[in-house]
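Please look through the sequence and the model shown here before reading on. The conversation below goes through them step by step.

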Amino acid sequence: MEHNRFELVLQTISSGLVAKIIEETDLDEDIAIEKLYSSKLYLNLEKEETKVWHYSVSKLYEILDKEIKTGQLILPEF
């Protein structure tokens with residue numbers, strides 16, 4: 001995927017994911033952003049080749065929630 005296009009996809013997913021974190025946890029937006037950007041999930045999400053960006057926002061939130069609770073990033077298999 002073209003780099004600029006991927007950046008747009010990443011921004012869109014990140015915004016949706018931050019909104020989902022806020023919705024599910026009632027956290028402040030700044031804290032929700034910090035939780036996302038400091039996660040192992042985000043490290044993988046920002047690498048196009050991992051294809052993590054293919055997952056829905058709901059699925060990504062589920063993965064992030066498990067990471068926060070267990071400390072482990074567990075990605076579903078394709």
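This is a predicted model: local features need pLDDT of at least 70, side-chain atom pairs count only at pLDDT 80 or more; totals for chains, interfaces and linings use all residues.

Student: How many aromatic pairs does the structure hold?

Tutor: A pair of aromatic rings is described by the distance of the centres and the angle of the planes. Rings of Phe, Tyr and Trp (its six-membered ring) pair here if their centres lie within 6.5 Å, and planes under 30 degrees apart count as stacked, over 60 as edge-to-face and the rest as tilted. With this definition, the number of aromatic pairs in the structure is two.

Student: How is the pair of Phe6 and Trp53 classed, given the angle of the planes?

Tutor: The ring centres of Phe6 and Trp53 are 6.0 Å apart. Their planes stand at 70 degrees, so the pair is edge-to-face.

Student: How many residues apart are Phe6 and Trp53, and where does each lie?

Tutor: Helices are DSSP runs of H or I with at least four residues, strands are runs of E with at least two, and both are numbered from the N terminus. Phe6 lies in helix 1 (residues 3-25), while Trp53 lies in the loop between helix 3 (40-45) and helix 4 (57-70). The pair therefore links distant parts of the chain, with a separation of 47 residues.

Student: Is Trp53 buried or exposed?

Tutor: Buried means under 20% relative accessible area, exposed means over 50%, and partly exposed is in between, with a 1.4 Å probe and protein chains only. Phe6 has a relative accessible area of 4% and is buried. Trp53 has 14% relative accessibility, so Trp53 counts as buried.

Student: How is the pair of Tyr37 and Tyr42 classed?

Tutor: Tyr37 is partly exposed, with a relative accessible area of 45%, whereas Tyr42 counts as buried at 12% relative accessibility. The rings of Tyr37 and Tyr42 have their centres 4.7 Å apart and their planes at 50 degrees, so the pair is tilted.

Student: How many salt bridges does the structure hold?

Tutor: Side chains of opposite charge can pair when their charged atoms come close. A salt bridge is counted when a side-chain nitrogen of Lys or Arg is within 4 Å of a carboxyl oxygen of Asp or Glu. The number of salt bridges in the structure is four.

Student: What separates Lys20 and Glu24 in helix 1?

Tutor: Lys20 forms a salt bridge with Glu24, and the closest N and O atoms are 3.1 Å apart. Lys20 is buried, with a relative accessible area of 18%, whereas Glu24 counts as partly exposed at 42%. Because the two residues are four residues apart in helix 1, their separation is about one helical turn.

Student: What is the relative accessible area of Asp26, a residue with a positive phi?

Tutor: Phi of Asp26 is near 60 degrees, a positive value in a residue other than glycine. Asp26 lies in the loop between helix 1 and helix 2. Asp26 is exposed, and its relative accessible area is 70%.

Student: Where does Lys51 lie?

Tutor: Lys51 is not a glycine, although its phi is positive at about 65 degrees. Lys51 is partly exposed, with a relative accessible area of 34%. Its place is the loop between helix 3 and helix 4.

Student: How far apart are the C-alpha atoms of Asp30 and Val18?

Tutor: Asp30 lies in helix 2 and counts as exposed at 56% relative accessibility. Asp30 and Val18 are twelve residues apart along the chain, and their C-alpha atoms are separated by 9.2 Å.

How values were computed: Residues are numbered from 1 along each chain as its sequence is written. Side-chain values use heavy atoms; hydrogens and water are left out.
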